[in-house]
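Subject: Structure for your review

Dear colleague,

Please find below the structure that I am handing over to you. My findings follow it, arranged by topic.

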Amino acid sequence: MKEQIITEQAPAAIGPYSQAIKCGNLLFTSGAIPFDAAGNCSDDIAEQTRQALNNIKAILAAAGAQMSDVAKVTCFIKDMEQFAVINQVYGEFFAQPYPARSCVEVARLPRDVGIEIEAVAVVK
C-alpha cells in the first residue's frame, strides 16, 4: 500500500510525481531541488545544497520522520568541482551513523539548478 506525502513547507511537484511516497516503513522522496516554498533559488551552491536538504527535511517531517531516519541519499550535482562545498553543507544535516550515499555528476538538472537530492528513510 502506498501513501502520498505532501507538504507546503517544500516546493510543490512541478510534474506528475509526488514529493514522497511511503510504502510500509520506507519513505522515498522525489529529487528535491533548491527552491524554497515561495519559488526562490540562490545561485550559490552551498545555499542550494542547504535549501535542497531543508526541503528533504520538511518532507520527512510531513511523514513523521527526521534526518536521522534517512538510510540512503543520492546527490545529483552539475559540477563535481563543487563536491567539497556540497559535502561540507551535507555534513551539517547528518550525524553518525551517516546514511549510505551516492553522488553523481550530471549534465543538466531541472530548472538549471546545481544540485538535486533524493532520500530513502525508515519511518514508523
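How many salt bridges does the structure hold? The structure holds three. Please bear in mind throughout that this is a predicted model.

**Salt bridges**

As a general point, an α-helix has 3.6 residues a turn, so residues three or four places apart point the same way. Glutamate 47 is partly exposed, its relative accessible area being 39%. Arginine 50 also counts as partly exposed, at 23% relative accessibility.

Arginine 50 has a further partner in glutamate 92, with the closest N and O atoms 3.0 Å apart. This pair links distant parts of the chain, since arginine 50 is in helix α1 and glutamate 92 is in the loop between α2 and β5, 42 residues apart.

The remaining pair to report is aspartate 112 with arginine 108, whose closest N and O atoms are 2.6 Å apart. Arginine 108 counts as exposed, because its relative accessibility of 61% is over 50%. Aspartate 112, with a relative accessible area of 43%, is partly exposed.

**Backbone geometry**

Aspartate 112 also deserves mention for its backbone. Its phi is near 55°, a positive value in a residue other than glycine. Arginine 111 likewise has a phi near 55°, again positive in a residue other than glycine. Arginine 111 is found in the loop between β5 and β6, and aspartate 112 is found in that loop as well. At 52% relative accessibility, arginine 111 counts as exposed.

A cis peptide bond joins glutamine 96 and proline 97, with omega at about -10°. Proline 97 is found in the loop between α2 and β5. For context, most residues other than glycine have a negative phi, and most peptide bonds are trans.

**The nonpolar core**

The largest nonpolar core has 30 residues, of which Leu27, Leu60, Val73, Phe94 and Ile117 touch the most other members. Two or more residues come from each of α1 (45-62), β4 (70-77), α2 (83-91) and β6 (115-122). The largest share, eight residues, comes from α1.

**The contacts of glycine 31**

Glycine 31 lies in the loop between β3 and α1 and, at 24% relative accessibility, counts as partly exposed. Which residues does glycine 31 touch, not counting residues up to four places away in sequence? They are Glu116, Ile117 and Glu118. Glycine 31 and glutamate 116 are 85 residues apart in sequence, yet 5.6 Å apart in space, C-alpha to C-alpha.

**The two sides of α2**

Ile86, Val89 and Tyr90 are the buried residues of α2. Seen down the helix axis, these buried residues fall within an arc of 105°, so they line one face of α2. They pack against α1, β4, β5 (100-105) and β6. On the other side of α2, Ala84 and Gln88 are exposed.

**A nonpolar surface patch**

Leu26, Phe28 and Val122 make a nonpolar surface patch of about 220 Å². Leucine 26 is placed in strand β3 (residues 26-29). Its relative accessible area is 31%, which means that leucine 26 is partly exposed.

Yours sincerely,

A colleague

Conventions. Residues are numbered from 1 along each chain as its sequence is written. This is a predicted model: local features need pLDDT of at least 70, side-chain atom pairs count only at pLDDT 80 or more; totals for chains, interfaces and linings use all residues. Side-chain values use heavy atoms; hydrogens and water are left out. A nonpolar core is a set of buried Ala, Val, Leu, Ile, Met, Phe, Trp, Tyr and Cys residues joined through side-chain atoms within 4.5 Å. Buried means under 20% relative accessible area, exposed over 50%, partly exposed in between (1.4 Å probe, protein chains only). Helices (H or I, at least four residues) and strands (E, at least two) are DSSP runs, numbered from the N terminus. Patches are made of residues with over 30% relative accessible area and no salt bridge: like charges are joined within 9 Å, nonpolar side chains (Val, Leu, Ile, Met, Phe, Trp, Tyr) within 5 Å. Accessible areas come from the Shrake-Rupley method with a 1.4 Å probe; for residues, only the protein chains shown count as cover. A salt bridge is a side-chain nitrogen of Lys or Arg within 4 Å of a carboxyl oxygen of Asp or Glu. The arc is that of the directions from the helix axis to the C-beta atoms. Contact means heavy atoms within 4.5 Å.
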